[in-house]
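Here is a friendly walk through one protein chain, meant for someone meeting it for the first time. Have a look at the sequence and the model, then read on.

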Amino acid sequence: MPIAVDIDVMLAKRKMSVGELADRVGITPANLAVLKNGRAKAVRFTTLTALCEVLECQPGDLLRWEPDGPGEGDGAAHDSGASVPAGSPPR
């Protein structure tokens with residue numbers, strides 16, 4: 001998956017457990033585990049905001065793009081359903 005989730009890194013830096021983070025953010029430990037382990041298909045901005053508030057960090061401290069193979073990042077539309085015609089300027 002091209003988006004890597006680094007919640008474990010921030011938990012270690014803050015010396016906080018998964019259970020404590022889940023309680024403070026207001027999500028279930030199971031849903032936090034899905035996000036933390038990179039199995040989530042999406043994350044709500046409200047959840048990302050709460051994570052950043054509790055962990056006192058920026059979204060980029062929790063999420064990063066990581067190419068996973070040839071052709072990744074070649075400008076092709078992915079699961080977003082978006083399509084950009086070849087040669088079109090970025091928006």
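Predicted model: local features only at pLDDT ≥ 70, side-chain atom pairs only at ≥ 80, totals over all residues.

Which residue takes a positive phi just after H2? That is Gly26, with a phi of about 90°.

## Before we start

Residues are numbered from 1 along each chain as its sequence is written, and side-chain values use heavy atoms, with hydrogens and water left out.

## The overall layout

The chain has five helices and two strands. Starting at the N terminus, the order is β-α-α-α-α-α-β. Here helices (H or I, at least four residues) and strands (E, at least two) are DSSP runs, numbered from the N terminus.

Of the 91 residues in the chain, 25% are buried. Buried means under 20% relative accessible area, exposed means over 50%, and partly exposed is in between (1.4 Å probe, protein chains only). The accessible surface comes to about 6500 Å², and carbon and sulfur atoms hold 54% of that; the areas come from the Shrake-Rupley method with a 1.4 Å probe, and for residues only the protein chains shown count as cover. Now for contacts, meaning heavy atoms within 4.5 Å. Among those with a separation of 6 or more, 62% join residues 24 or more positions apart.

## The nonpolar core

The largest nonpolar core has 19 residues, and Ile7, Leu21, Leu51, Leu55 and Leu62 touch the most other members. Such a core is a set of buried Ala, Val, Leu, Ile, Met, Phe, Trp, Tyr and Cys residues joined through side-chain atoms within 4.5 Å. Helix H1 (7-14), helix H2 (18-25), helix H3 (29-36) and helix H4 (45-55) each give two or more residues to this core. H4 gives the largest share, six residues.

Neighbours within four places in sequence aside, Leu55 is in contact with Met10, Leu11, Arg14, Met16, Leu21 and Leu62.

In H1, the buried residues are Ile7, Met10 and Leu11. They fall within an arc of 105° when you look down the axis of H1, so they line one face of the helix. (The arc is that of the directions from the helix axis to the C-beta atoms.) Ala12 and Lys13 are exposed on the other side of H1. The cover over the buried residues of H1 includes E1, H2, H3, H4 and helix H5 (59-62).

Just after H1 comes Lys15, which has a positive phi of about 50°. Lys15 sits in the loop between H1 and H2 and is exposed, with a relative accessible area of 76%. For background, most residues other than glycine have a negative phi.

H2 buries Leu21, Ala22 and Val25. Those residues stay within an arc of 100° seen down the axis of H2, so they line one face of the helix. Their cover includes H1, H3 and H4.

The axes of H2 and H3 come within 9 Å and cross at roughly 110°. That makes H2 roughly perpendicular to H3. The residues making this contact are Val18, Leu21 and Ala22 of H2, with Pro29, Leu32 and Lys36 of H3. As for the geometry, axes are lines fitted to C-alpha atoms, for helices over the stretch in contact, and angles run from 0 to 180 degrees between N-to-C directions. Angles under 35 degrees count as roughly parallel, over 145 as roughly antiparallel, 65 to 115 as roughly perpendicular and the rest as oblique.

## A buried lysine in H3

H3 has Leu32, Leu35 and Lys36 as its buried residues. They cover an arc of only 95° around the axis, which puts them on the same side of H3. They pack against strand E1 (3-5), H1, H2 and H4.

Is Lys36 buried or exposed? Lys36 counts as buried, at 17% relative accessibility. Residues up to four places away in sequence aside, Lys36 touches Val5, Ile7, Asp8, Leu11 and Val18. Just after H3, Gly38 has a positive phi of about 75°.

## In and after H4

Thr47 lies in helix H4 and is buried, with a relative accessible area of 17%. Not counting residues up to four places away in sequence, Thr47 touches Val25 and Ile27.

Glu56 is in the loop between H4 and H5. Glu56 has a positive phi of about 50° although it is not a glycine, and at 66% relative accessibility Glu56 counts as exposed.
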